[in-house]
Protein chains: 2
Amino acid sequence: MNSNSSHKAAQRLPREITRELAALAVHSRYLALPDVVQRETARAFLNWVGCVLGGCHDPVVEIAVAAAAEAGGSPQASVIGHRLKTDMASAAFVNCLSSSILAFDDTHLATVTHPTGPVAAALFAYAEKHPISGEEFANALALGIEIECRMSNVLLMPPAQSNLGFFITGLTGPIGAAAAVARLMKLDEDRMTWAIGLAAAQASGFRSTHGSMAGGFVPAHAARCGVSAAMLASKGFTCSDATLEGPKGFVEVFSVGADLNHAVEGFGRHFELLSNAYKPYPCGIVIHPAIDACLEIAGQLEEGEVPAAVALRVNPLTLSLTDRPSPKTPLEAQISLYHWAAACFVKRSAGLAQMRQDCIEDPAMVAMRARISAVPDPALARDEAIAQVVLKNGTSLRVHVAHARGSIDRPMTDADLDDKFAAQADGVLSGRERDRLLGLCRNVAALRDVGHDIAAALSLQ
Amino acid sequence: MNSNSSHKAAQRLPREITRELAALAVHSRYLALPDVVQRETARAFLNWVGCVLGGCHDPVVEIAVAAAAEAGGSPQASVIGHRLKTDMASAAFVNCLSSSILAFDDTHLATVTHPTGPVAAALFAYAEKHPISGEEFANALALGIEIECRMSNVLLMPPAQSNLGFFITGLTGPIGAAAAVARLMKLDEDRMTWAIGLAAAQASGFRSTHGSMAGGFVPAHAARCGVSAAMLASKGFTCSDATLEGPKGFVEVFSVGADLNHAVEGFGRHFELLSNAYKPYPCGIVIHPAIDACLEIAGQLEEGEVPAAVALRVNPLTLSLTDRPSPKTPLEAQISLYHWAAACFVKRSAGLAQMRQDCIEDPAMVAMRARISAVPDPALARDEAIAQVVLKNGTSLRVHVAHARGSIDRPMTDADLDDKFAAQADGVLSGRERDRLLGLCRNVAALRDVGHDIAAALSLQ
């Protein structure tokens with residue numbers, strides 16, 4: 001009989017996930033990653049660098065750059081797009097702000113985490129100060145994203161009861177960033193445990209700040225906190241051993257009924273990075289299927305023709321996050337379902353130009369937004385939407401998008417990502433500089449010294 | 001009939017507390033503070049400076065100083081006790097770490113917030129870089145503490161359902177610190193609103209990190225975040241208008257059923273600062289009534305005599321936070337009820353010397369801790385405890401402490417605070433330097449330039 005051991009299994013103690021994750025992180029190696037994960041890591045990095053270029057001259061970033069310049073900081077790492085070097089944590093903050101501010105960064109759709117920003121910004125800052133090979137860098141990037149997304153799963157996936165108020169990237173971003181930097185530092189298991197714990201102790205952010213500059217601030221702060229946590233841990237600053245899973249710990253305060261197995265089960269075999277999506281449109285990803293539907297219908301209309309009425313059916317989360325009928329600023333427009341649906345008909349496009357103030361205030365856009373209605377439909381997936389349009393002549397058109405462009409089932413191709421990169425580099429780099437940088441990003445794992453090579457291509461050295 | 005207006009009153013919308021607090025902060029003035037509040041503000045500052053001196057050479061702080069030195073930072077503000085100047089946010093971080101790390105800082109007992117650290121550290125850093133009069137400084141300190149404690153009340157006081165896992169100082173400290181610094185900056189109401197919002201967006205920390213270095217890290221991080229929030233807001237970095245009370249906002253994510261009136265009702269007439277307590281013992285404040293009881297019994301014993309058994313009855317929160325029978329390190333001992341009760345009998349004292357490693361490992365202490373038991377008693381207040389002791393000859397002694405020393409009903413006198421200050425300054429300042437600094441702190445509101453005057457007395461300039 002084996003009743004005793006099965007009894008034990010049923011009663012097993014909560015998993016020691018802080019230590020387990022630390023051990024997995026310490027032993028992670030690039031060559032152990034499957035080819036598909038290696039490729040996806042490079043795509044995530046390429047998308048991130050493009051987003052930094054796209055956002056680095058946004059007025060929000062200019063403010064952060066001025067603050068960073070005033071605070072000083074040893075010239076350890078570059079603020080991309082600006083003639084400023086500062087300490088690693090501050091550089092990570094600004095570069096992640098750049099990549100986040102246009103809402104063009106990637107999304108782990110299951111948890112609406114934007115995983116790459118905090119991790120890549122933290123790593124790039126560290127890699128500029130220290131010689132880090134492409135394989136080390138790519139391994140740490142894949143690792144940080146994986147830990148971040150898995151901790152998001154712990155907080156949000158069944159059986160956990162999620163609180164949609166928390167800004168998940170702000171909660172789990174510091175952990176992923178800290179683990180990634182700590183891996184580059186080659187910290188031992190104790191120090192890796194402390195780095196993860198100190199990062200978790202800085203987890204912060206909630207969604208009422210969306211629609212203001214603080215929407216980009218929270219991921220940027222996550223990047224800074226990740227660097228700081230790893231730096232302190234590397235010098236022997238301790239944290240408790242069970243920061244994540246312990247009583248009164250990270251998981252307990254931010255979730256109810258969470259399953260800790262999401263953190264570690266199948267680690268190294270199953271990769272959340274493969275469920276990470278890149279955005280074709282610079283706005284909340286839950287708006288994307290509606291954009292696809294509206295663009296498809298708009299393509300069937302006469303030039304200049306706009307509908308009399310548009311009725312959207314979307315996943316309930318879409319309305320929960322983007323129900324803003326009258327956005328006033330680009331930051332509000334980013335998360336307005338109505339704005340982007342209107343842009344599809346009035347502008348026949350959903351790109352960076354449609355996020356500008358003049359587009360938001362265009363009377364034709366204002367009028368069109370007012371003719372759009374939306375209802376939540378729990379039967380629709382997050383990457384699914386239905387648009388029903390009535391034209392002025394009474395004709396009715398209907399399009400059902402089963403999977404949005406850029407979703408896991410209909411991913412952005414490498415060529416799509418290159419085009420997105422080019423559009424964002426426009427005005428920041430020359431065509432030759434852009435192509436050179438694009439080549440380095442595609443092959444990041446092959447670089448000899450990531451910080452040096454990328455910074456040089458950005459003309460930062 | 002007036003039924004319409006009373007109907008309206010019953011249905012009134014949630015208070016716009018972010019904007020209301022911002023308006024109150026912008027218009028706050030030192031001379032509008034009652035005398036008793038002005039006096040208590042100086043006592044809070046004096047206690048804080050003493051705690052910084054007591055903690056500034058702790059090994060934990062040495063690590064943080066090394067990290068700050070490496071990150072660089074413009075020499076804007078002093079790291080107290082060290083030959084280092086760095087940027088304001090980093091200086092605020094280290095100085096608050098110094099004041100927090102020995103668990104000797106003040107406590108708003110109703111919410112177990114440690115209010116002065118984040119606010120004073122942020123203000124002092126700002127005041128070193130800018131000429132700030134004593135009245136401006138003291139007003140901002142009183143303001144920051146008030147906002148911090150009131151937001152703690154919102155999260156925790158009835159009818160709110162509190163989550164004791166969150167580290168409340170980490171949640172509300174950034175808000176108090178940001179509002180205080182923003183007041184020194186003379187920000188307008190919009191920017192004050194953003195400063196408060198950006199600070200709230202950085203609220204973080206939970207109690208599973210207690211007993212490690214991260215217990216001091218969380219308040220220190222709060223100080224840093226407060227400075228950063230005010231700096232960014234002063235440059236026009238926006239946040240939403242309803243960060244605190246809005247849907248998916250600060251109050252909603254960190255509390256359930258909160259009453260927003262706690263934030264603003266009676267502001268300027270009722271002061272939470274007057275419910276702030278200073279610790280006579282360097283450990284968790286909920287342990288203090290038990291220490292008083294044990295010291296009183298120990299005073300009745302023969303020299304060298306220790307009890308056969310000690311039974312403690314304490315408020316349930318005491319056990320929830322300090323039920324650590326076998327602490328291994330000073331940071332664990334800080335929050336071990338058993339350690340301090342044992343010290344009262346074995347060492348006949350509960351001071352800084354009883355927090356040292358040699359005391360923790362002393363076999364007599366180990367043996368004594370094992371003879372102590374504790375039970376929670378909901379009938380006892382947080383500043384109340386009963387100790388029942390059985391001596392080796394069978395005699396039984398019992399002491400009931402109705403109000404712990406240092407509690408609101410039995411406050412530390414000015415002389416007590418001076419003695420505490422002197423004990424902490426020992427080894428850092430000469431007697432003459434200490435007395436000079438003590439005099440400046442007592443009269444902080446009368447100083448011409450707080451940063452300059454205090455820094456000079458600390459031999460920092």
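A rotation of 180°, with 0.0 Å of shift along its axis, superposes chain A on chain B with an RMSD of 0.0 Å. The two copies are thus related as by a two-fold rotation axis. The model described here is a predicted one. Within chain A, the residue that comes closest to the rotation axis is A:Gly73, whose C-alpha lies at 1.8 Å. The interface fits this arrangement: 100% of the interface residues of chain A are also interface residues in chain B, so the copies meet through the same surface.

The table gives their geometry.

| Helix pair | Angle between axes | Axis separation |
|---|---|---|
| H6(B) and H8(B) | about 30° | 8 Å |
| H6(A) and H10(A) | about 45° | 8 Å |
| H8(A) and H10(A) | roughly 35° | within 7 Å |

In chain B, helix H6 covers residues 116-129 and helix H8 covers residues 168-184; they pack at an angle of about 30°. That angle makes H6(B) roughly parallel to H8(B), and H6(B) passes H8(B) in a right-handed crossing. On the side of H6(B), the contact is made by B:Pro118, B:Val119, B:Ala122, B:Leu123 and B:Tyr126. H8(B) contributes B:Thr169, B:Gly173, B:Gly176, B:Ala177, B:Ala180, B:Val181 and B:Leu184. By class, the contact of H6(B) with H8(B) has 9 nonpolar and 3 polar residues, with no charged residues.

In chain A, helix H6 (residues 116-129) packs against helix H10 (residues 214-234), with their axes 8 Å apart. At about 45°, H6(A) is oblique to H10(A). The crossing of these two helices is right-handed. Here A:Pro118, A:Ala121 and A:Ala122 of H6(A) meet A:Pro219, A:Ala222, A:Ala223 and A:Val227 of H10(A). The contact of H6(A) with H10(A) has 7 nonpolar residues, no polar residues and no charged residues.

H10(A) also takes part in a pairing with H8(A), in which the axes come within 7 Å and cross at roughly 35°. H8(A) passes H10(A) in a right-handed crossing. From H8(A), the contact involves A:Thr169, A:Gly170, A:Gly173, A:Pro174, A:Ala177, A:Ala178, A:Val181 and A:Ala182. From H10(A), it involves A:Val218, A:Pro219, A:Ala222, A:Cys225, A:Gly226, A:Ala229 and A:Ala230. These residues of H8(A) and H10(A) divide into 11 nonpolar, 4 polar and no charged.

Side chains of opposite charge can pair when their charged atoms come close. Over all chains, the count comes to 32 salt bridges. One salt bridge joins A:Asp292 and A:Arg410, with the closest N and O atoms 3.8 Å apart. A:Asp292 lies in helix H13 (residues 288-298) of chain A, whereas A:Arg410 lies in the loop between strand E8 (396-401) and helix H19 (414-425) of chain A, so the pair ties together parts that are 118 residues apart in sequence.

The backbone also has local features in loops. In chain A, the peptide bond from A:Pro158 to A:Pro159 is cis, with omega near 5°. A:Pro159 is found in the loop between helix H7 (134-156) and helix H8 (168-184) of chain A. In chain B, a cis peptide bond joins B:Pro158 and B:Pro159, with omega at about 10°. B:Pro159 lies in the loop between helix H7 (134-156) and H8 of chain B. A further feature concerns B:Val112, a residue other than glycine, which has a positive phi near 45°. B:Val112 is located in the loop between strand E3 (107-108) and H6 of chain B.

Notes. Residues are numbered from 1 along each chain as its sequence is written. Chains are lettered from A and ligands numbered from 1 in the order in which they are written. This is a predicted model: local features need pLDDT of at least 70, side-chain atom pairs count only at pLDDT 80 or more; totals for chains, interfaces and linings use all residues. Side-chain values use heavy atoms; hydrogens and water are left out. Copies are superposed by least squares on the C-alpha atoms of residues with pLDDT of at least 70 in both. Contact means heavy atoms within 4.5 Å. Axes are lines fitted to C-alpha atoms, for helices over the stretch in contact, and angles run from 0 to 180 degrees between N-to-C directions. Helices (H or I, at least four residues) and strands (E, at least two) are DSSP runs, numbered from the N terminus. Angles under 35 degrees count as roughly parallel, over 145 as roughly antiparallel, 65 to 115 as roughly perpendicular and the rest as oblique. A crossing is left-handed if the near helix is turned anticlockwise from the far one by less than a right angle, and right-handed if clockwise. Ala, Val, Leu, Ile, Met, Phe, Trp, Tyr, Cys and Pro count as nonpolar, Asp, Glu, Lys and Arg as charged, and the others, Gly among them, as polar. A salt bridge is a side-chain nitrogen of Lys or Arg within 4 Å of a carboxyl oxygen of Asp or Glu.
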